[in-house]
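With the model open in your viewer, please follow the stops below in order, making each selection before reading on.

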Amino acid sequence: MFGIEDPCVWMAYLLSVASTILCIIYGAINWNRGDDTVFQW
Amino acid sequence: MILAQTLGPLEIILVVAYLAVVGYLGWLGYRHTHTATDYMIAGRKAHPFVMAMSYGATFISTSAVVGFGGVAGLFGMGLLWLTFLNIFAGIFIAMVVLGNPTRRMGHRLDAHTFPELLGRRFNSRFIQVFAGLIIFVFMPVYAAAVIIGGTEFITAAFRIDYNVALLVLSAIVAVYVLAGGLKGVMYTDALQGTIMFLGMATLLIGTYVSLGGVVRGHTELTEMGSQVFAGFRGMGHRGWTSMPEFGWGETKYNLWWIVVSTMVLGVGIGVLAQPQLVVRFMTVKSKRELNRAVPTGGFFILMMTGVAFTVGALSNAYFYQHERIVGRIASVTEQAEVIVKKERDAETRLSCRLLHVDRNGDGEVDINLIAAGLGNHAKLMPAAEVTELPDGRVEIRPRATSFTRALVRKGDAWMLNPDSIIPTFVTSAMPRWFGIVFLLTLLAAAMSTISSQFHTVGTAIGRDVYAQIVPLREGASSQQGTHVVRVGMIFGIIIAVIFAYYARGGYIIARATAIFFGLCAAAFLPSLVGGLFWKRITKAGAIASMITGSAVSTFWVVFVKASEAGAIGLVPKLTGGKSSLLADYPNWPVVEPILIALPLSALVAIVVSLATRPPAKSHLYKCFGS
């Protein structure tokens, strides 16, 4: 794939990109959630 | 296409302008610093973009770009597994799973530092002091790695002596670090992170352009697998687009364990327990800010580490196939003994013929490179091709790999230095203007990380150790505590500079970084995760875990891990010359401490907690609420 034959290496490429996409999707879904802004002691 | 070899007026103006903007932002932060909460955790009101860029810019330093980029030049693209872990563990797991509980507990317990968070969670002054001491003693080793990364680039790009470059960089950093608290640091981090992002994006595009495209560059790199240096081939190196050979029990599997245990796991897991990063979670006011920081953080890390490791590996294809050096041969060293591997009492040397080239026509030597191996070493590398040009100059094709091209002078000797691979590549392959951009990129990467490292060192000794052991006398102002913080910072900087002065060569940047990250993981991670998610964990369990993790890590570095144990020198004295207590057992001497110390530390935390009295409900209510 892309001139790299060892699947162990291009898997690392794909997983890196997939993790970035996961971060972007998570941020987009939760953009306006979680406003729990915050003790006597 | 060649970067200027001396600091011209344009470079000086740009660097001064950059430092002025950084100074202004630092001053702005200083102006808005009124309380200890402002100084330690930026008032708990950081903007999500500022928090994400500050987290990323602190996480990624010259260690990642120069140090680990150089390791990718040595060992290949297998290092991209670290990019995956950096994004998935270092951003997604850290911010989504650990970030919000850390923030909530930090707010509930009014914690200002990482040791204070642990100390208050377990209601233990010992834990706070112990964690503060670990940070104060070992953080300067990591800071030295970052300083070496910046110094190597200045040395390679601007032909300045290593020691002079080290002093200049250290002086700039010291003034900057001592000025303000975390508010100023985070403002400047956001600017520096943006500069780093643009610099690395340009480097990626420039590299693929110089190699004729993405697929062509990768294919060329795959095809030059036979050029792997003989010493690395014996350790399992199978080319720069393949993972090293996997197995256990023979030295030919050493490289797989170096890449996976030291580079990938040592740093990839260790990032979860970095004190200077965990404290960033306590700077935002709600979970929403953390949610918004995740996409910026993920994309930033992909562009930083993904680019550095890809470019590091691809630099082999550039040096072997594409590099052309035009100039005059100023002199030739007919026989030089080049240091390939340096241990405490032994050096592996290559017998080589060296060329010293004047590219600019000013009579000064700009480039030193290996023309050919001599005698038995001739077959280890192809000879450089030299063609005479009509105007009396010569065109040289070095036909080198990144390792054999990274020739540097150290004192009177010549040495192949993996930490010089990225600086040499940028100096040779990129246009002049990019050299200046990359200088600012590395300066930003170094300063954003070092500022947080010494901020953490200072608060560790000032707030977590000194203020716990010597409580402020009645009537004493908080100025006394701030003075101790600053003295701690200065002490840390001096230690780091001394380490950077003596430690050069043998991919020391990546090794020092991995040691610190691994130590933090073993000492802190079980207590941090247990403290956030397991109400049954006890003070005794946390203390036992921290002592076990730090003791096993230290023992492994001093007695077992060959590259460090051999350099420290205790084991060779005890065993009559061996570099590790397990030298007779293949693979063990290259395994990183984190693989042994972290599981032991976690196991001890669980067993001791279950064997001791559960924490009081009133204390748990304080930590977790209802």
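Taken over all chains, this predicted model holds 11 salt bridges. To see one of them, select B:Glu385 and B:Arg399, and display the side chains: the two residues form a salt bridge in which the closest N and O atoms lie 3.6 Å apart. Colouring by secondary structure shows that the pair links distant parts of the chain, with B:Glu385 placed in strand β4 (residues 385-388) of chain B and B:Arg399 in the loop between β5 (394-397) and α15 (402-405) of chain B, 14 residues apart.

Next, colour chain A and chain B separately and turn to the interface between them. How many salt bridges does the rule find across the interface of chain A and chain B? The number there is 0. The contact itself draws 31 residues from chain A and 41 residues from chain B, and the area buried between the two chains comes to about 3,100 Å², with carbon and sulfur atoms giving 66% of that area.

For a helix pair that joins the two chains, select helix α1 (residues 7-29) of chain A together with helix α14 (residues 287-322) of chain B, whose axes come within 8 Å and cross at roughly 160 degrees. Because the cut-off for roughly antiparallel is an angle over 145 degrees, α1(A) counts as roughly antiparallel to α14(B). The crossing of α1(A) past α14(B) is left-handed. Show the side chains of the contact, and you will find that α1(A) contributes residues including A:Tyr13, A:Val17, A:Ile24 and A:Tyr26, while those of α14(B) include B:Lys287, B:Val294, B:Phe299 and B:Leu302. By class, the residues where α1(A) meets α14(B) divide into 9 nonpolar, 6 polar and 1 charged.

On the side of α4(B), the contact is made by B:Phe68, B:Val71 and B:Phe75, and on the side of α12(B) by B:Leu255, B:Ile258, B:Val259, B:Met263 and B:Val267. Which classes of residue make up the contact of α4(B) with α12(B)? If you colour the selection by residue class, you will see 8 nonpolar residues there, with no polar and no charged ones.

Key. Residues numbered from 1 in each chain as written. Chains lettered and ligands numbered in written order. Predicted model: local features only at pLDDT ≥ 70, side-chain atom pairs only at ≥ 80, totals over all residues. Heavy atoms only, no water. Contact = heavy atoms within 4.5 Å. Helix = DSSP H or I, 4+ residues; strand = E, 2+ residues; numbered from the N terminus. Nonpolar A, V, L, I, M, F, W, Y, C, P; charged D, E, K, R; others polar. Buried area = accessible area lost by both parts, 1.4 Å probe. Salt bridge = Lys/Arg side-chain N within 4 Å of Asp/Glu carboxyl O. Axes fitted to C-alpha atoms, helices over the stretch in contact; angles between N-to-C directions. Parallel < 35°, antiparallel > 145°, perpendicular 65-115°, else oblique. Left-handed = near helix turned anticlockwise from the far one by under 90°.
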